[in-house]
Amino acid sequence: MKTGLRSKLMIFLSATAVLIGFQNCGNDVAFTEKISNLGSLGVCSGVSCDLTPLTATPAVVTILMALGDQANSQLVVKGASAQLIAETVVRYASPENDPKVLLVKDRARGTESASDSDYAKDVLLARYQVTQIEEPVGGLLDSDVSGYDLIWFNNPGTPMGLAVSRDTLIRFRGGVIMQGDDLAHGSTSGTAFSMEALTGLRFIDNGTDVTCAGVKYNHNDNNGEKFRVSLDPTKIPGANAATIAFEYGNDIDTTEVSRPGLEVVAYAQGGPAACTEKRPAIVRYLKN
Ligand SMILES: [Ca+2]
Ligand SMILES: [Ca+2]
Ligand SMILES: [Ca+2]
């Protein structure tokens, strides 16, 4: 089977599995096998049975990973973890019940984890009303985002392309979710720009290398080491043994918290298990 076809089949199976799960909350045993794409979990124990908002005011969440990262046509991030993350960050970013979501595909997104955008829309956000658009040529304008409660900006594997879009997201009054493993920095092909005012993170580097006890370990394109990502169960409701930890085989920007009030809800550790250096993987802050 061709890789592209296999990827589509895999995503379809994941979507089917998720839908089966959603339709059967409270009756998980019989469906455990069918949701194998989501890892070994009870149907309602790995995803949010409850989608009520977790915030009274809009927030900005940055996920420094492609949740649909793939190696050998398999998801790298456990499906159940990705699902829990996606639904939790929506609940954290928008105070609206059933928010109207605009998923924007960064025009500069390149080819890394190319199916990530559709995976986010069709699988991870399947329980929400989502409109997906390609970023306009000149960047997002206020008129593009008006009428929505939440903007999910997706660029799986390259830096944000246009500062115009960044500025619109800073001005936007609703919730914002930034998702992609280079979104702590802006454009390496054009004029570089800072993402700090939007993400609350100070960018250090692209995050392929982790140095531990004087040895450098490479993490990139699922050809090297894998990051070990841990969700903070005190900040992500429903995080359990099936979802709390997973691997990520691509680069995760090296950053540090710069904005007061920025919360780290997941960390990533690279290199061998003994390495203790950790970097933010998912962060959030409430808008003023
Ligand atoms: Ca990348
Ligand atoms: Ca990469
Ligand atoms: Ca990166």
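Start by selecting Ala-114: it has 17 C-beta neighbours inside 10 Å, so it counts as partly exposed (buried means 20 or more other C-beta atoms within 10 Å of a residue's own, exposed 12 or fewer, partly exposed in between, with C-beta atoms placed from the backbone). What you have open is a predicted model, where local features need pLDDT of at least 70 and side-chain atom pairs count only at pLDDT 80 or more, while totals for chains, interfaces and linings use all residues. Residues are numbered from 1 along each chain as its sequence is written, and chains are lettered from A and ligands numbered from 1 in the order in which they are written.

Ala-114 sits in the loop between β4 and α4 (helices, H or I of at least four residues, and strands, E of at least two, are DSSP runs numbered from the N terminus). Now show Asn-155 too: it is 41 residues away along the chain, with 9.1 Å between the two C-alpha atoms.

Next, colour β4 (residues 100-105) and β5 (residues 129-134), which run parallel and are joined by six bridges (strands pair if DSSP finds at least two bridges between them). Follow the chain from β4 through helix α4 (residues 116-124) to β5, and you trace a right-handed β-α-β crossover (clockwise from the first strand over the helix to the second, with the strands pointing away from the viewer). Lys-100 is the residue opposite Gln-129 in β5.

On to the largest nonpolar core: it has 65 residues, and Leu-67, Ile-151 and Ile-177 have the most contacts inside it (a nonpolar core is a set of buried Ala, Val, Leu, Ile, Met, Phe, Trp, Tyr and Cys residues joined through C-beta atoms within 7 Å). Helix α3 (residues 79-93) gives the most to this core, nine residues. Select α3 whole: 15 of its 15 residues are buried, so the rest of the structure largely encloses it. Then pick Leu-67; beyond its neighbours within four places in sequence, its contacts include Val-77, Ala-82, Ile-85 and Tyr-119 (contact means C-beta atoms, placed from the backbone, within 7 Å).

Last stop: Leu-198, in helix α7. It has 23 C-beta neighbours inside 10 Å, so it counts as buried. Leaving out residues up to four places away in sequence, Leu-198 touches Val-60, Arg-166, Leu-169, Ile-170 and Met-178. Two of those names, Arg-166 and Leu-169, are among the buried residues of helix α6 (residues 163-171).

Note on methods
Two residues are in contact if their C-beta atoms, placed from the backbone, lie within 7 Å.
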